Amino acid sequence: MKLRLFILLLLTGCTLLSDGQTTIGQTTIPTGFSRELTPVRGHYKALASLSPRPGYSGQELDNLKFPFDKAMADVVLSQKPFYLQSVTLDDFQLPAPPANSSEQTRAELNYLLALQHSRTPEEVRSSLYMSNIHETPGDVGRSIGYWTTTGKLPMTDTLLENISHDVDFFLWSIKFKYSRPRPYMLDPRIHDLEESRAASYPSGHVTYAYIYAYIYQELAPEFTDLFIQKAYAMAHARELIGVHYPSDSEGSRIFSRQFVDKLFQNKQFLHDFEKAKKEWASRKGDYR
C-alpha cells in the first residue's frame, strides 16, 4: 500500500510533507480533513420536509426578532478566534432558520407543545441537569473506561479552552445574524423552563455538545456512537424544556461538523491536538 501511494505521488508530482501539507508542483496546500455528516433522521427529517417559507399570516410575525443587546454583542464578539483566524462567517454553509410564519415553524411549535404536555418530572430534572453540568475530558475518559480517576488532562483542557474562543465567536455571530425569536415568543402556550438571554438559532448547548462529540470521536474512535448519542440527547433535552426548536438543534449539528472539519485543516490546531492525543494514549489503561 505504501509503495503504491509513493508511486502515485511520483506520477502526480505530489510530495507529502510532515506538517500535514501536500505540495503539488509549486503549490502547497493543506491535506485537510472532513467527515461526512450523517443524514438527518427522526423528527428532524420529518419537520425539515415541511416548507420553511413565509406563510399567509402577514409580514408582522416574520419581522419579529429576538431583542438585540449591543453591549452584550460587543463583549462576546471581542474574543476573537484562536485557531480559525482566517475563517469568516460566510465560510460556513448553514441553512437559514425557517420563517416564523412558515409551515415548518408551526409544526415545530406543535412538537414542542406535545413534548411539554407529556414531559415527566424526571425528564425535566434530567434535561435541566444535562443543560447545566460541565463534563471535563477527565470525566469523559473515566466514563468510557480509559482510566479510573478524574485527574486533569492539561493538554486536552488547553485544547478545548482554545477551541471555545473559536466556537463562541462564530456561534454568537450566527445568533446575532439571524436573531431568531425563542419559541415562547411565537406561541405563549410554550412554558420554557429556562430563561433565555440570546437568540434561538443555533443552540449553544447543542453546538458545544456536538463539537465535543466530534473531538472526542478522534481521541477515542471506538466510542463514537456513545459520544454522538450524548449530543443527540442534549438536543432533545433543550427541546423538552421548551427553549429550542428542532431546527435549532439541526442547525447546531450542521455547524458543528463544518466547524470541526475546519479545525482539522488548521496547522496550529493539529499540533495541539497531537499533544492531547498523546496525553490520552499515556493515560489509557491506567487502572492504578
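The model is predicted, so local features need pLDDT of at least 70 and side-chain atom pairs count only at pLDDT 80 or more, while totals for chains, interfaces and linings use all residues. Residues are numbered from 1 along each chain as its sequence is written, and side-chain values use heavy atoms, with hydrogens and water left out.

I start with the helix pair. Helices here are DSSP runs of H or I, at least four residues, numbered from the N terminus. Helix α10, residues 204–219, packs against helix α13, residues 267–283, at an angle of about 60°, and their axes are 10 Å apart. That makes α10 oblique to α13; angles under 35 degrees count as roughly parallel, over 145 as roughly antiparallel, 65 to 115 as roughly perpendicular and the rest as oblique.

Which residues meet? From α10 they are I215, Y216, E218 and L219, and from α13 they are F269, F273, A276, K277 and W280, contact being heavy atoms within 4.5 Å. By class, that contact has seven nonpolar, two charged and no polar residues.

Now the cores. A nonpolar core is a set of buried Ala, Val, Leu, Ile, Met, Phe, Trp, Tyr and Cys residues joined through side-chain atoms within 4.5 Å, where buried means under 20% relative accessible area with a 1.4 Å probe, protein chains only. The largest has 46 residues, and I163, I215, F259, F269 and W280 have the most contacts inside it. Its largest share, eleven residues, comes from α10. Apart from it lies another core of seven residues, including L109 and Y245.

Methods: Axes are lines fitted to C-alpha atoms, for helices over the stretch in contact, and angles run from 0 to 180 degrees between N-to-C directions. Helices (H or I, at least four residues) and strands (E, at least two) are DSSP runs, numbered from the N terminus. Ala, Val, Leu, Ile, Met, Phe, Trp, Tyr, Cys and Pro count as nonpolar, Asp, Glu, Lys and Arg as charged, and the others, Gly among them, as polar. Buried means under 20% relative accessible area, exposed over 50%, partly exposed in between (1.4 Å probe, protein chains only).
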